[in-house]
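Look at the sequence and the fold side by side before reading on.

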There are 2 protein chains.
Amino acid sequence: MNAEFFKQFADIPVREIQPGFFSKIIHTKANTIAFLEVKAGCAIKSHQHVEEQYSFVIEGQFELTVDGNPQVLDANTFAIIPSNVFHSGRAVTDCKLLDIFSPVRMAFKYD
Amino acid sequence: MNAEFFKQFADIPVREIQPGFFSKIIHTKANTIAFLEVKAGCAIKSHQHVEEQYSFVIEGQFELTVDGNPQVLDANTFAIIPSNVFHSGRAVTDCKLLDIFSPVRMAFKYD
């Protein structure tokens with residue numbers, strides 16, 4: 001496997017970014033791409049950040065509240081969280097999520 | 001469903017960007033995010049573009065060749081295609097793919 005072009009998820013450490021939110025995080029020049037696994041019932045309290053966020057549900061159901069608007073999301077739906085808008089979330093079921101941040105989310109830079 | 005923050009994939013048109021490559025395309029300010037479904041055996045010939053590309057396999061197996069290096073990818077792996085590097089691909093099985101381009105891929109702007 002050519003290491004310049006091809007990568008294995010097994011080589012990316014798992015970060016528990018919030019209790020019950022287990023994330024594999026990829027930083028590109030322009031973005032942070034986070035693949036998360038969340039157990040049913042785990043929640044993240046309201047927060048904001050300057051980075052714009054696009055949130056997708058790969059599997060399961062996740063209730064996201066953006067600027068006071070709650071919505072249960074699944075693989076048929078997605079969310080756009082503009083810069084600095086408060087949002088919170090709760091896993092309705094065990095779920096797999098994908099969050100794409102722009103620009104790079106500096107709070108997720110661990111190295 | 002608050003239309004500012006929440007979107008439905010059903011509202012995104014399917015584009016057949018290459019024969020057998022059916023894509024739902026989301027343009028953000030910084031990126032193009034493409035969710036593709038590809039039938040086994042369908043292929044895309046070698047091409048290049050200025051936009052950097054991160055390619056993920058959600059389901060199935062996809063053989064990607066980057067700068068002459070072939071690799072069968074699945075959900076355990078992903079690819080980084082730098083700006084202007086030639087690449088081609090072929091679906092080994094029916095598969096679901098995610099491509100993230102930076103910056104916005106202008107060739108996928110249809111409107």
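**A walk through the predicted model**

The secondary structure of chain A comes to zero helices and 11 strands, where helices (H or I, at least four residues) and strands (E, at least two) are DSSP runs numbered from the N terminus. Read from the N terminus on, the elements of chain A therefore follow one another as β-β-β-β-β-β-β-β-β-β-β. This is a predicted model, in which local features need pLDDT of at least 70 and side-chain atom pairs count only at pLDDT 80 or more, while totals for chains, interfaces and linings use all residues. Residues are numbered from 1 along each chain as its sequence is written, and chains are lettered from A and ligands numbered from 1 in the order in which they are written.

Consider the overall form of chain A, whose C-alpha trace spans about 45 × 30 × 25 Å along its principal axes. A compact globule with 111 residues would have a radius of gyration near 13 Å, and chain A, with 14 Å, agrees with this; the radius is taken over C-alpha atoms, and the globule rule is 2.2 Å times the number of residues to the power 0.38. Buried residues make up 31% of the 111 residues in chain A, where a residue is buried if 20 or more other C-beta atoms lie within 10 Å of its own, exposed if 12 or fewer, and partly exposed in between, with C-beta atoms placed from the backbone. Among the contacts in chain A between residues at least 6 apart in sequence, 63% join residues at least 24 apart, and two residues are in contact if their C-beta atoms, placed from the backbone, lie within 7 Å.

How are the strands arranged in the open sheet? Seven strands form this sheet, with antiparallel pairing, in the order 2(A)-3(A)-4(A)-11(A)-6(A)-9(A)-1(B); two strands pair if DSSP finds at least two bridges between them. Its edges are strand 2 (15-18) of chain A and strand 1 (6-8) of chain B, each of which pairs on one side only. On average, neighbouring strands of this sheet are turned by 30° against each other, direction ignored, the axes being lines fitted to C-alpha atoms, for helices over the stretch in contact, and angles running from 0 to 180 degrees between N-to-C directions.

Strand 4 of chain A is mostly covered, since six of its seven residues are buried. Strand 3 (residues 21-27) of chain A pairs with strand 4 of chain A over seven bridges in the antiparallel sense, and these two strands form a hairpin with four residues between them; within this pairing, A:Ile26 stands opposite A:Ile33. Strand 4 (residues 32-38) of chain A also pairs with strand 11 (residues 95-102) of chain A, again antiparallel and over seven bridges. Here A:Phe35 has A:Leu98 as its bridge partner, and A:Thr32 has A:Phe101.

Some details of the backbone deserve a careful look. Most residues other than glycine have a negative phi, and most peptide bonds are trans. A cis peptide bond, however, joins A:Ser102 and A:Pro103, with omega about -10°, and A:Pro103 lies in the segment after strand 11 of chain A. In chain B, the peptide bond from B:Ser102 to B:Pro103 is cis, with omega near -10°. A:Asn84, which is not a glycine, has a positive phi of about 70°; this residue is found in the loop between strand 9 (77-81) and strand 10 (87-91) of chain A. Is A:Asn84 buried or exposed? Because A:Asn84 has 10 C-beta neighbours inside 10 Å, this residue counts as exposed.

Finally, turn to the meeting of the chains. The contact takes 26 residues from chain B and 26 residues from chain A. On the side of chain B that touches chain A, strand 9 of chain B gives the most, with five residues. Three bridges join strand 9 of chain A to strand 1 of chain B, which run antiparallel, and A:Thr77 stands opposite B:Gln8.

A rotation of 180° with 0.0 Å of shift along its axis superposes chain B on chain A (RMSD 0.0 Å), which is the relation of a two-fold axis; the superposition is by least squares on the C-alpha atoms of residues with pLDDT of at least 70 in both copies. Because 100% of the interface residues of chain B are also interface residues in chain A, the copies meet through the same surface.
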